[in-house]
Amino acid sequence: MSALTNDMRTATGVITRSNTGIPSSRLAMWFLLGGEVLIFGGLLVSYMMGRLAHPEWAEEAHHTATTIGFINAIILLTSDLFVVMAHADAQRKDGASAAKNIMITVALGLAFLVIKGFEYSHEISAGLTIHKSVFWAYYYLITGIHGSHIVVGIIALTLVARTAKRGEQLQRVETAGIYWHFVDMVWLIVFPLLYIAK
Amino acid sequence: MGSSHHEPTFTEKYIFPLDHKNIGLQYLLTAMFMACVGGFLAYVFRMKLAWADAPVPLVGDVDGGLYNSMVTMHGTVMIFWVAMPTLIAAFGNFLIPLMIGADDMAFPRLNRLSYQIFLLSAIILIASFFVPGGSASGAWTFYPPLNSSKIVDGVVEMHNGGVYWGGNLWILAVALEFASFLLGGINFMTTTLNLRTKGMGLFQMPMSLWMINIASLVFALSVGPLVAGAIMMLSDRMVGTGFFNPELGGDPVLFQHLFWFFGHPEVYVVLLPALGFFADIIPVFARKPFFGYRIVVYFTLFLGALSFIVWAHHQFQAGIDPRMANYFTITTIIISIPFGVMLFALILSLYGGSIRFTVPMLWAISGVAEFLVGGITGIHLGTSASDIYFHDNYFVVAHFHYTLFPATFFGAFAAITFWFPKWFGRHLNEGLGKLHWMLTVVFFNGIFIPLFITGLNGQHRRIYDYKAWDEMNTPAQHNLNVIATICLLGLLATQLVFLLNFFRSWASGPKATANPYNATTLEWAAASPPPHGNFDKVLTVYRGPHEYSVPGAKEDFSPQWIQ
Ligand code: HEM
Ligand SMILES: [Cu+2]
């Protein structure tokens, strides 16, 4: 345990304590992601159990667009690189550069969503709708929930970029970055399960 | 978050407070209101069970649909809108900063948001009674296909587009409640880990804090799969997918797994804080340290871990693989070991003490005793062979009320009567408190002992009128049901004594000093009631939380904050 800073907000103004040595915002983010892991875990395990019980779903899985899913995986992995660079900027107290790197991340996130949108519309016009079978219901639900996390990440990163640009609240770059890494990692699990396992 | 601690205005204090104590108070009052709602629902269906042919006073005729709606909402309200907000949110908020010597939570604004989400969820739940088709009525466990089909919530005409509002609002309300408690729990755990004052190591913390935090962690880690299940359920109901619909290639038992993966840990989420309160209250009135502090902490962690691998004991009758049933029988029975340790520790904490039967102490001791009945009957249910008979009959109902009622109400009353002087700066009336305690204990047992018997005789828990079953429609069964219902009426009336005592003492009870019980934990170092910001100086902790009757000490209590 690191040295305790024991001044309180009451007695001597604003002081943040951190008995663990981990800033509270990062600690809270880890707890949040712990909960998120279980949400995606529940979905994905349900899907896998269904897949084991229904060999015929493999037939359906043939129609997922592997190339597009792969391109999207590359896009998210690239965006991770920029989040890492933004974090490095923040540690050097270079808020402007951090903001720039975050906005590149946001742009890549938007590209992911646009591509995903094209993929959906293509599938729906080919008759592969959410009603077609339970496989497709899982497909839309899992990618949809993942996509909504991308949307939340984009909003959070944009807000963080605004303060970071002014050099304020730089610790938020790391907190938002952890979240973004998590969302990207989920795609790296979703992608093989829905696109590669034919 | 401001550095200056000006005294808050009325709006800042009661409507949109940031102070953890006032947010706790909001949770407490909301939960008290919801407890009245939940109690009223129990009144409706118990009246029906005792006198099936008579209209229920204040309500009128109760048909099967209304009966199901009452039972469903009773379970939902009591677990999610009474037990959790009282034990975890209200007392978690009030106690955590005070007991660790902090001035507030790590994230006060997140804390306020958690309450607001919770309040919204309560409003939505109440509103669901008044939508076309009525509230959800497929049991608090919300099993498909019953709950994913249109019959259960009535109003078939609304099916165009698939909208059955009662059930949908139920899912929405529960989802918001989960979000609120997830955020709240993250705040609690972060606060406890990071804001402890100098010298307050984890093993210097009062048991309440261990228990509230372990409960928060177990909740955060178990709720995810049910969130996934709720989204799938909503999609089945509103979009028409078939995740849980065998006709469309789905699997209804999957939902049961997702539900109980959460549902079983959830019952410990409710139980643990209450055991924590008992463990902190008993030493104060036995003037003796809590027995086996570290061992109990370790076994509670073990219990928390085990709670994730026992869930299918709720599904022995759902057609699961018998080999799987064996596995879940074994893990379930192993659970009795940590429970045994915890209960023996609580009992041994009394041994050789100089016991004072104050009101909180009475609640704590009787809470342990009643809970024992629930734990022991759990073993009969956890064994798949005997559960094949017991499943879904009143034996199960009596079992879980002997666990949840002591946890929720004995736990809450112990905590409220114990910390009332700190929270409101005034004392409750001891005589009214004892009367309330005595009548509650008598009526509680009067309700549920008969139900053990009707359950043993085979009475099924989901039938509202037994006239169609000759072997159930006997005078003996009927009399037991009437006894249970009369005791329920007594129990509800008794709570008026509590409400009177609570509000009267809040307004005009005798003033309390900072440390009226000569207790040792940090909350008693603050004034009663603690001002905004809690303490007038930074505290340092020198010893463990339950140092009573230390040999060689001048007094029979050695506070944590005095060297
Ligand atoms: C040694 C401890 C325990 C064991 C072995 C145990 C076992 C069981 C089993 C096997 C069932 C399912 C019965 C059936 O549906 O056929 C059950 C139901 C239940 N138990 Fe326990 N239990 C224990 C402690 C607790 C505790 C501490 C709580 C809550 C604080 C609790 C709350 C419940 C509830 C709410 C249900 C019924 C759920 C429902 O079907 O609506 N149990 N218990
Ligand atoms: Cu269980």
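His399(B) lies in helix H12 of chain B, where helices (H or I, at least four residues) and strands (E, at least two) are DSSP runs numbered from the N terminus. The structure is a predicted model, in which local features need pLDDT of at least 70 and side-chain atom pairs count only at pLDDT 80 or more, while totals for chains, interfaces and linings use all residues. Residues are numbered from 1 along each chain as its sequence is written, chains are lettered from A and ligands numbered from 1 in the order in which they are written, and side-chain values use heavy atoms, with hydrogens and water left out.

Donors are N, O and S atoms within 2.8 Å of the metal (3.2 Å for Na, K and Ca); water is not among the atoms, so sites may look incomplete. The copper ion (ligand 2) sits 4.6 Å from this iron atom. His264(B) belongs to helix H7 (residues 252-286) of chain B, and His314(B) to the loop between helix H8 (293-306) and helix H9 (322-348) of that chain, so the pair ties together parts that are 50 residues apart in sequence. His264(B) is buried, at a relative accessible area of 6%, whereas His314(B) is partly exposed at 24%. Here buried means under 20% relative accessible area, exposed over 50%, and partly exposed in between (1.4 Å probe, protein chains only).

Another residue of chain B to look up is Asp392(B), found in the loop between helix H11 (384-390) and helix H12 (394-424). Asp392(B) is buried, with a relative accessible area of 16%. Leaving aside residues up to four places away in sequence, Asp392(B) touches His460(B), Arg461(B) and Arg462(B), a contact being heavy atoms within 4.5 Å.

Next comes the meeting of the two chains. The contact takes 46 residues from chain B and 37 residues from chain A. Together the chains bury about 3300 Å², with 69% of it on carbon and sulfur atoms; buried area is the accessible area (1.4 Å probe) that two parts lose on being put together, summed over both. Ile186(B), Asn194(B) and Phe243(B) supply 17% of the area that chain B buries against chain A, more than any other three residues. The interface has zero salt bridges, each defined as a side-chain nitrogen of Lys or Arg within 4 Å of a carboxyl oxygen of Asp or Glu. Helix H5 (165-194), helix H6 (207-238) and H7 of chain B each supply at least two residues of the side that touches chain A. The largest share of that side, ten residues, comes from H6(B).

Chain A averages a pLDDT of 90, and 92% of the residues score at least 70; pLDDT is the predictor's confidence in each residue, from 0 to 100. Over residues 1-15 of chain A the pLDDT is below 50, and this stretch has 47 contacts in the model beyond near neighbours in sequence. Gly117(A) is found in helix H5 (residues 95-125) of chain A and is partly exposed, at 31% relative accessibility.
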